[in-house]
Amino acid sequence: DDEVVVTKSRIRVLWSQFRRFLRVKIVRTRPFEALISFIILVNCIFLALERPGLCPTQPCPPDQELEHFILTQADYIFAVVFTVEIIFTLIVVGPKHFIRNGWYVLDATIVLVSLAALIWPEIGIL
């Protein structure tokens with residue numbers, strides 16, 4: 001029974017250390033924030049490149065295949081990056097603070113909607 005208590009205590013300490021590491025060395029650093037801002041900017045450019053007439057039929061017309069492939073892959077990459085950012089932020093600030101912060105909730109909602117659109121493209125969210 002003491003061994004279980006020690007293990008739980010050790011897990012709490014390791015979790016706390018991990019959260020501190022994420023906060024101090026990654027999430028709350030200028031380079032990380034600059035990187036995320038840059039990725040948001042690049043994502044906006046890629047979103048502007050998408051258009052309703054691109055690849056209207058399956059399979060894509062030959063002149064649109066490469067463009068469609070690049071934009072689709074970029075969507076997946078951006079979704080992964082922003083999902084990781086949300087997970088890191090959730091770990092660093094904790095669920096209570098995360099839910100109480102409107103920006104975090106908005107960010108998470110946007111990421112969840114984009115993930116849903118990628119997983120179930122037939123629902124036509126994006």
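This is a predicted model: local features need pLDDT of at least 70, side-chain atom pairs count only at pLDDT 80 or more; totals for chains, interfaces and linings use all residues.

Q: What share of the 126 residues is buried?

A: A residue counts as buried when its relative accessible area is under 20%. Here, buried residues make up 24% of the 126 residues. The accessible surface of the protein comes to about 9500 Å², and 68% of that belongs to carbon and sulfur atoms.

Q: What share of the contacts with a separation of 6 or more comes from residues 24 or more positions apart?

A: Residues 24 or more positions apart account for 53% of those contacts.

Q: Which residues of α5 are buried, and what do they pack against?

A: Here is the general idea: an α-helix has 3.6 residues a turn, so residues three or four places apart point the same way. In α5, the buried residues are Tyr104, Ala108, Val111, Ala116, Ala117 and Leu118. The buried residues of α5 pack against α3 (65-93) and α4 (95-100).

Q: What does the side chain of Asn101 reach at the start of α5?

A: A side-chain oxygen of Asn101 comes to within 2.8 Å of the backbone nitrogen of Trp103.

Q: Now the rings. How many aromatic pairs does a search of the whole structure find?

A: The search finds four aromatic pairs. One of them joins Phe46 and Phe78 edge-to-face, at 5.6 Å centre to centre with 70° between the planes. This pair links distant parts of the chain, as Phe46 sits in helix α2 (residues 30-49) and Phe78 in helix α3, 32 residues apart.

Q: Are Phe46 and Phe78 buried or partly exposed?

A: With the cut-off for buried at under 20%, Phe46 is partly exposed at a relative accessible area of 22%, whereas Phe78 counts as buried at 9%.

Q: Why is the pair of Phe98 and Tyr104 called stacked?

A: Planes under 30 degrees apart count as stacked. The planes of Phe98 and Tyr104 are at 10°, with ring centres 5.3 Å apart, so this pair is stacked. Both Phe98 and Tyr104 are buried.

Q: Which residues do ring pairs link into a cluster?

A: Phe46, Phe78 and Phe82 are linked into a cluster by ring pairs.

Conventions. Residues are numbered from 1 along each chain as its sequence is written. Side-chain values use heavy atoms; hydrogens and water are left out. Buried means under 20% relative accessible area, exposed over 50%, partly exposed in between (1.4 Å probe, protein chains only). Helices (H or I, at least four residues) and strands (E, at least two) are DSSP runs, numbered from the N terminus. Contact means heavy atoms within 4.5 Å. A polar contact is a pair of N or O atoms within 3.5 Å; within protein, one must be able to donate a hydrogen and the other to accept it, and residues adjacent in sequence count only if both atoms are side-chain atoms. Rings of Phe, Tyr and Trp (its six-membered ring) pair if their centres lie within 6.5 Å; planes under 30 degrees apart count as stacked, over 60 as edge-to-face and the rest as tilted. Accessible areas come from the Shrake-Rupley method with a 1.4 Å probe; for residues, only the protein chains shown count as cover.
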